[in-house]
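Reader: I have a structure to look at and would like to learn how to read some of its features. Where do we start?

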Amino acid sequence: MIRVENAVKLYGRAGANDAAVHALNGVSLRIAEGEFVAIMGPSGCGKSTLLHILGGLDTLTEGEAYLDHEPLHRLDEKGLTRLRRTKIGFVFQFFNLLPTLTVEENVRLPGLLQNLPASRLESRCAELLAAVGMEHRARHRLHQLSGGEMQRAALARALFMEPRVLLADEPTGNLDSEASAKVVNLFREIGERHRTTIVMVTHSRDVALAAHRLIEMRDGKITGK
Ligand SMILES: Nc1ncnc2c1ncn2[C@@H]1O[C@H](COP(=O)(O)OP(=O)(O)OP(=O)(O)O)[C@@H](O)[C@H]1O
Ligand SMILES: [Mg+2]
């Protein structure tokens with residue numbers, strides 16, 4: 001499902017100043033369909049950069065990256081936007097939900113962007129809120145939710161378009177261990193049920209244990225997998 005070959009991401013201009021950073025420095029990896037992979041490594045080692053590349057939110061300086069056979073390094077902005085909206089679900093540490101909307105309005109948003117009919121928006125939303133155990137919170141606004149509930153709402157939203165790939169950047173970073181376990185078990189369950197490929201960055205060994213495989217990074221490189 002995912003193939004990366006010799007990926008290099010340079011921020012700033014090489015030689016022009018001291019600020020040039022090799023965020024990725026020759027990363028190669030393969031992730032199979034339905035696999036649940038955790039990525040760990042020290043702060044600044046390139047984990048988020050790798051997720052952003054895989055999610056079409058940023059582009060490589062050198063190398064190749066394929067997602068579901070699509071060459072990310074050759075797609076233009078339009079192609080990347082289409083890919084993001086149809087094949088990829090994102091979950092971030094700080095949720096990225098819109099605070100003025102209700103839970104169900106947030107969850108439906110990806111479908112609204114794809115102009116799905118209202119009946120489909122409603123049925124899919126109900127199905128997902130049930131899947132993450134949030135039916136009783138559908139009409140709540142975000143400030144009325146706990147951290148774990150917000151994260152489950154974010155997961156429901158990420159899954160709305162049935163993405164082939166779910167990318168999660170420290171999805172349990174703001175949760176206590178009990179809420180973390182709930183969220184990560186939900187990832188695993190959903191991945192197994194729908195053969196969704198999941199790539200999750202985490203700083204927690206306990207959370208990483210729920211994945212099928214652990215990839216370790218350091219200084220823009222993969223050091224163990
Ligand atoms: N837009 C940017 N411009 C310049 N440098 C950047 C940019 N984004 C990231 N970097 C640098 O690239 C390196 C990798 O950053 P990245 O965000 O991928 O790290 P990370 O492994 O996700 O760290 P953390 O665990 O702290 O989230 C860091 O040194 C960072 O300062
Ligand atoms: Mg990061």
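Author: We start with a definition. Ala, Val, Leu, Ile, Met, Phe, Trp, Tyr, Cys and Pro count as nonpolar, Asp, Glu, Lys and Arg as charged, and the others, including Gly, as polar. Keep in mind that the model is predicted.

Reader: How do the residues of the shell around ligand 1 divide into nonpolar, polar and charged?

Author: Five are nonpolar, six polar and two charged.

Reader: Which of the 13 residues around ligand 1 come nearest?

Author: Ser43, Gly44, Lys47, Ser48 and Thr49 do. Look also at individual atom pairs. A polar side-chain atom of Lys47 is 2.7 Å from an oxygen atom of ligand 1, and for a polar side-chain atom of Ser48 the distance to an oxygen atom of the ligand is 2.8 Å. Gly46 takes part through its backbone: an N or O atom there lies 3.0 Å from a ligand oxygen atom. On its own, ligand 1 has 640 Å² of accessible area, and the protein covers 59% of it.

Reader: Which elements give two or more residues to the shell around ligand 1?

Author: They are β2 (21-31) and α1 (47-54). The most come from α1, which gives three residues.

Reader: Next, how is a pair of aromatic rings described?

Author: By the distance of the centres and the angle of the planes. In the whole structure, a search finds two aromatic pairs. In one of them, Phe36 and Phe187, the ring centres are 6.4 Å apart and the planes stand at 35°, so this pair is tilted. Phe36 is in strand β3 (residues 36-40) and Phe187 in helix α6, 151 residues apart, so the pair links distant parts of the chain.

Reader: Are Phe36 and Phe187 buried or exposed?

Author: Buried means under 20% relative accessible area. Phe36 has 2% relative accessibility, so Phe36 is buried. Phe187 has 1%, so Phe187 is buried as well.

Reader: What about the rings of Phe90 and Phe92?

Author: Their centres are 5.6 Å apart and their planes are at 5°, so that pair is stacked. Phe90 counts as buried because its relative accessibility is 18%.

Reader: Where is the place of Thr196?

Author: Thr196 sits in the loop between α6 (177-194) and β8 (197-201). Thr196 counts as buried because its relative accessibility is 4%. Leaving out residues up to four places away in sequence, Thr196 touches several residues, among them Gly34, Glu35, Pro163 and Ile190.

Note on methods: Residues are numbered from 1 along each chain as its sequence is written. Chains are lettered from A and ligands numbered from 1 in the order in which they are written. This is a predicted model: local features need pLDDT of at least 70, side-chain atom pairs count only at pLDDT 80 or more; totals for chains, interfaces and linings use all residues. Side-chain values use heavy atoms; hydrogens and water are left out. A residue is near a molecule or strand if one of its heavy atoms lies within 4 Å of it. A polar contact is a pair of N or O atoms within 3.5 Å; within protein, one must be able to donate a hydrogen and the other to accept it, and residues adjacent in sequence count only if both atoms are side-chain atoms. Accessible areas come from the Shrake-Rupley method with a 1.4 Å probe; for residues, only the protein chains shown count as cover. Helices (H or I, at least four residues) and strands (E, at least two) are DSSP runs, numbered from the N terminus. Buried means under 20% relative accessible area, exposed over 50%, partly exposed in between (1.4 Å probe, protein chains only). Contact means heavy atoms within 4.5 Å. Rings of Phe, Tyr and Trp (its six-membered ring) pair if their centres lie within 6.5 Å; planes under 30 degrees apart count as stacked, over 60 as edge-to-face and the rest as tilted.
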